[in-house]
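Good morning, and thank you for joining the group meeting. Please bring up the sequence and the structure, and I shall go through a few selected features.

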Amino acid sequence: MEEMFTNKVSESGIISLNLEEYYPKDDIALFDMKDYLFMGLILKEKDFRENLKMLDLSIYTDKVVAVTCSADAVIPMWAYMLVSSNLQPVARDVVFGSMEEVKNTLLLKNIAQLPVNDYEGKRVVIKGCGEIPVGEAAYLQATQLLRPVAKSIMYGEPCSTVPIYKKK
């Protein structure tokens with residue numbers, strides 16, 4: 001006699017949300033202010049402006065640019081504004097932070113575009129383990145976006161979940 005196995009996960013109506021799909025795929029270029037400082041520590045306005053004029057902008061074309069300063073130097077705000085002003089015409093976006101911070105910023109920006117109406121009244125499991133370290137901020141944001149619309153939110157895999165929220 002042949003036994004029929006039922007896939008209870010597929011019959012449960014659970015929608016799986018993988019936050020890795022929102023991880024930025026953008027090309028990110030780094031602009032380190034340290035490279036434009038005198039002795040790597042001091043910003044000299046005249047030299048800084050001249051260096052920016054001679055900057056090869058082609059390496060930043062159509063890329064997201066992470067603007068940071070890896071040196072422990074005091075950088076005036078206008079210097080960051082000047083960098084942004086120079087990069088904006090060629091870069092896709094200019095964001096302050098290290099490469100990792102910018103990736104996280106872009107990830108959160110992508111998650112903010114989540115079509116929450118698609119999850120209205122649904123049981124949602126936010127996928128846990130993955131290949132890309134998504135980070136806590138992404139899970140917080142996804143939960144905040146889904147809580148007002150989802151019937152329930154769980155963490156993990158559809159076959160093994162941790163309950164997070166259930167609409168009463």
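Let me begin with a question: is Thr 68 buried or exposed? Before I answer, a word on the source: this is a predicted model, in which local features need pLDDT of at least 70 and side-chain atom pairs count only at pLDDT 80 or more, while totals for chains, interfaces and linings use all residues. Residues are numbered from 1 along each chain as its sequence is written, and side-chain values use heavy atoms, with hydrogens and water left out.

Now to the answer. Thr 68 counts as buried because its relative accessibility is 14%; buried means under 20% relative accessible area, exposed means over 50%, and partly exposed lies in between, with a 1.4 Å probe and protein chains only. Thr 68 belongs to strand E3, residues 64–68. Helices (H or I, at least four residues) and strands (E, at least two) are DSSP runs, numbered from the N terminus. Leaving aside neighbours within four places in sequence, Thr 68 is in contact with Leu 30, Phe 31, Asp 32 and Met 33, and also with Phe 96, Gly 97 and Ser 98. Contact here means heavy atoms within 4.5 Å.

Asn 18 counts as buried, because its relative accessibility is 17%. A polar atom of the Asn 18 side chain lies 3.0 Å from the backbone nitrogen of Glu 20.

Now the helix pairs. How do H2 and H3 pack? Helix H2 (residues 45–53) and helix H3 (residues 77–87) have axes 11 Å apart, at an angle of about 15 degrees. Axes are lines fitted to C-alpha atoms, for helices over the stretch in contact, and angles run from 0 to 180 degrees between N-to-C directions. That angle makes H2 roughly parallel to H3, a term for angles under 35 degrees. On the H2 side, the contact is made by Glu 45, Phe 48, Arg 49 and Leu 52, and on the H3 side by Trp 78, Ala 79, Leu 82, Val 83 and Asn 86. By class, these residues are six nonpolar, one polar and two charged. In this classification Ala, Val, Leu, Ile, Met, Phe, Trp, Tyr, Cys and Pro are nonpolar, Asp, Glu, Lys and Arg are charged, and the others, Gly among them, are polar.

The second pair is helix H4 (residues 99–112) with helix H5 (residues 136–146), whose axes come within 10 Å and cross at roughly 15 degrees. H4 is therefore roughly parallel to H5. H4 contributes Asn 104, Leu 107, Leu 108, Ile 111 and Ala 112 to the contact, and H5 contributes Ala 137, Ala 138, Gln 141, Ala 142 and Leu 145.

Finally, consider Leu 146, located in helix H5. With a relative accessible area of 0%, Leu 146 is buried. Not counting residues up to four places away in sequence, Leu 146 touches Leu 17, Leu 114, Tyr 119, Val 124, Ile 126 and Ile 153.

Tyr 119 itself lies in the loop between H4 and strand E5 (123–127), and counts as buried at 9% relative accessibility. Beyond its neighbours within four places in sequence, the contacts of Tyr 119 include Ile 15, Leu 17 and Leu 146. Tyr 119 and Ser 152 are 33 residues apart in sequence, yet 9.7 Å apart in space, C-alpha to C-alpha.

Terms used
Angles under 35 degrees count as roughly parallel, over 145 as roughly antiparallel, 65 to 115 as roughly perpendicular and the rest as oblique. A polar contact is a pair of N or O atoms within 3.5 Å; within protein, one must be able to donate a hydrogen and the other to accept it, and residues adjacent in sequence count only if both atoms are side-chain atoms.
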